[in-house]
Amino acid sequence: MQFRSGLPRADAEHAAGIIFSHRTVILDRWCELIEIEQAEPAATFIRNQLDATIHALADWILGTDPSDSTMGRQWAGITPSSEMTIGAVISMGIMPEAVRDIAEHCAPDDAKTLTDCARTFSGIMTRRLLAWLDLEHDEDRWNQIARDVEDRYEQQRIQRIHRLGVLIEISHAVSVSQDLETLFETVARSIFPLSGSDYVEISLLDPLVNKLRCHIIFSNGERQHWVEQTLIDAGLANEVLATGESLFVPDYERGCQDRRIPPSSVLPPGPQRAWMGAPIRQDDDITGVIAVSGVLTTYEPEDVELLSAIARQTAVAMDNRRLIQAQQRHLTHLQAVNDLARETAQLRNPAELTQMVAAKIQDSFDFGLVTVFRISPDDEFLVMDARSPVPVEDEQDVRQLPIGADSIVGEVAQRRISALHSDVRTISNFLRSASSGETRSEMAVPIVHAGTLLGVLDVQSEQLRAFDRHDLTTLQTIADQLAVGLENSRLFDEEAQRTRQLQLMLETSRAASSSLLLDEVLERLAQGLAIAAGTPACLISLYAPEDDCLDPAAFYQAEPGESNCLFADWNHRLSIDHRPDLRQLLLDRSPQLICPLSTSRNGSSRPQDGEQTTLVLIPLRTRQRTLGLAILSIPTPASSCYPFAQMRLLQGVADSAALAVENARLYAQAHGLAIAEERGRLAQEIHDTLAQGLTAISLQLDLADSYLPGEPEKAVHNVQRALDLTRDNLNQARRSVLDLRAADVHHMSLPDAVARLIRRLEQDSSIRFAFTNDGLSSRLSARIEVGLLRMLEEALENARKHSEATDITIDIQADGTTVTLIVNDNGIGFDPARFSPTDHAHPGFGLFGIRERARMLGGSLEIASAPSTGTELRVVVPYEARMQPSNPAEFRESEPK
């Protein structure tokens, strides 16, 4: 379906909707074009008639005949004169131009539709209006009127086209120019011939002095370079700057007089010089003024509006340039941030890290001064850690700042909030130093990680308003990266320190545990503690609870030739009763410092060269008790004491080796008890065997002596019995000597010692022996090997004497948990329940010794025998591997670097 306008329904409704929604704008523009003044008597009637005509246009687009509209009914209700009709015809001819103004703000298709509809409607109405006139009697006069109207409209149209051309040219310059100089010159040349102007001035606000400064001036078509960059202290341009509104006056000097301000010295003098100016507005700030002036000329409101539009276009261009530069700057900053992130992840040294960040920020961001402050260990001061440019040697600069409001950096550290100051002259806590120079802008951001303040990153510039919020955000991002880098560096150092500590603990513990000799264990522990502390000497004293004293037990000194007077008071027995501090230390089981002691290098108590010495007391702790103290002398600076982390390391080394010390003490005690027990056993054995044997020999000899005079044959029997007893006691003596020497297993393994024993027994008897080894491939501890060998010797001696066996098999089995010795013979056997340990002529005495040895080793003995069935002995003891000896040189070689 199409309407009278020829449009489809949807398009017609859309076009009519645009006319209705913009009816007031079209009406005002139409009245302006036909120059209807509100004060005219007929103005209201004409506006009503024009408004009805606009309604008629919209209705016609939707299909209503104009005669049926309000306009048609109003026209039909009057008797129009020829002049009224001609005026209506002229007005209808101008209406498409009024519609064109709103069409320019619509989509291209809508603009063409509205313009075509307005022209068609205007033609229809013009023909209908002309039908009321009879032009035959005075046709020339009416034609002349029509031509005059057409000429005037054409002149207005040409002027509007010229103004649009100026805007188009400036818009083009705005879109292609990124250089302000080129842009301003293009703007000035474009508006120079506007309305007879002979002077164009573009001034920008100088933020340093808060006044306008001439940027570019054209006078009579020529650029006035020598006047440019002049401050504008007076004139109407400052009025535009102050009000932010466009201004035009027909006479510049009169306008200045009316406002009681002196005229500008830059503007050339002239009679009745018209002047107009428009503000350059960027966001909410007035950043400049564009002014034009001409002698004996007049500016219309349209000219002021055009100049305002040009100023807006210029502001857009300046904004675009600023945004492009900001975008380029942000891209540069982003690249720098990425580079910093990559380099931050690679550096582990805090000093190198902070200096790299400072240098990178200055190079990439073009800031004047970049400084990194780190928080002091006591959290009371900020210490300058890095700066770019690097200060020269004799430069006096602020190296330490208190945390607080006395400085920008101190305040940021206190509040942990970033600060941005565009002009440091306006703040009271700007701290000027030798490196700050002519600083005008400053921003500082806190370096914080997980709620902990690590420092402050500060940048300064000699330019006013050098930083913006994006710079602050970027700097905070860098500070966050730096915080992560510093924290990673700290964690890396801690991990490396822990690794060194663990390695040192392990080496010290291994070195101490490689021996069971107490003196050797203590010497190695003293050496390990001295290495861990970085000190040349260490003394270890052990606590003797029975005497309640500390006894010096080991002393290590890197340079044996040097004397160490600090240990003079400790190198003898110390009674705990006279030292309650030591008793408390043994009870608290915590390291303690005696810090500091002032000493000289020659051992006197007088301080020399500011050297001080700290005594570190480290308890040797086991789970149950404190074994003693390790005492170290640590040279320390006069301004500090020994760090807690190092104390913790020393305590860890001591704890790791304390068990070895306790084991060595227990071993020494057990070794003494074993010696005493073995001596008792040997004494008992000598008493039960050799002594009784000698007693029996003595009795036999006494009998022989009594039989010898009267019954010599009986005396011979007693002598022969004494000889047999002597041989038995000699064998017992040999066995006791072998028991003491344990020679076989000192130089060879248990299987080799068994094989050697079997070879010796085969030479002295007719018994056949068989030996098998199942699973024992490494050396056992000395006490296990000696014990098993002695039990085997006892078992074989019993079998040789009492079993009448011809074959004996020996089997050793090991499974990593236990070691089993099995001895089988094919002898006459016996009832194990009936043997007596006191019967020397019975195997019970030897079996009792075997059982006791097995019990002492933590094992057991099982006997399987019966008369005429042979005997099996099974000894089971715990598997105990022999500890490998350690090379003392390895300890120093494995010291952590």
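**Salt bridges**

Q: How many salt bridges does a search of the whole structure find?
A: The search turns up 30 salt bridges. Keep in mind that this is a predicted model.

Q: OK, what does Arg 23 pair with?
A: Its side chain meets that of Asp 51 in a salt bridge, 2.9 Å from N to O. The two sit in distant parts of the chain, 28 residues apart: Arg 23 is in helix α2 (residues 23–33) and Asp 51 in helix α3 (residues 43–62).

Q: And is Asp 51 buried or exposed?
A: Buried, because its relative accessibility is 18% and the cut-off is under 20%. Arg 23 is partly exposed at 27%.

Q: Switching topic: which residues are in the network with Asp 339?
A: Arg 342, Glu 343 and Lys 360 are linked with Asp 339 in a network of salt bridges.

Q: Where do Asp 339 and Arg 342 lie?
A: Both are in helix α11 (residues 301–346), three residues apart, so about one turn of the helix. Asp 339 is buried at 13% relative accessible area, while Arg 342 is partly exposed at 46%.

Q: What about Lys 360, how far apart are the closest N and O atoms there?
A: They are 3.9 Å apart in the salt bridge between Lys 360 and Asp 339. Lys 360 is in helix α12 (residues 350–365) and Asp 339 in helix α11, so this pair ties together parts 21 residues apart in sequence. Lys 360 itself is partly exposed, with a relative accessible area of 21%.

Definitions and conventions: Residues are numbered from 1 along each chain as its sequence is written. This is a predicted model: local features need pLDDT of at least 70, side-chain atom pairs count only at pLDDT 80 or more; totals for chains, interfaces and linings use all residues. Side-chain values use heavy atoms; hydrogens and water are left out. A salt bridge is a side-chain nitrogen of Lys or Arg within 4 Å of a carboxyl oxygen of Asp or Glu. Helices (H or I, at least four residues) and strands (E, at least two) are DSSP runs, numbered from the N terminus. Buried means under 20% relative accessible area, exposed over 50%, partly exposed in between (1.4 Å probe, protein chains only).
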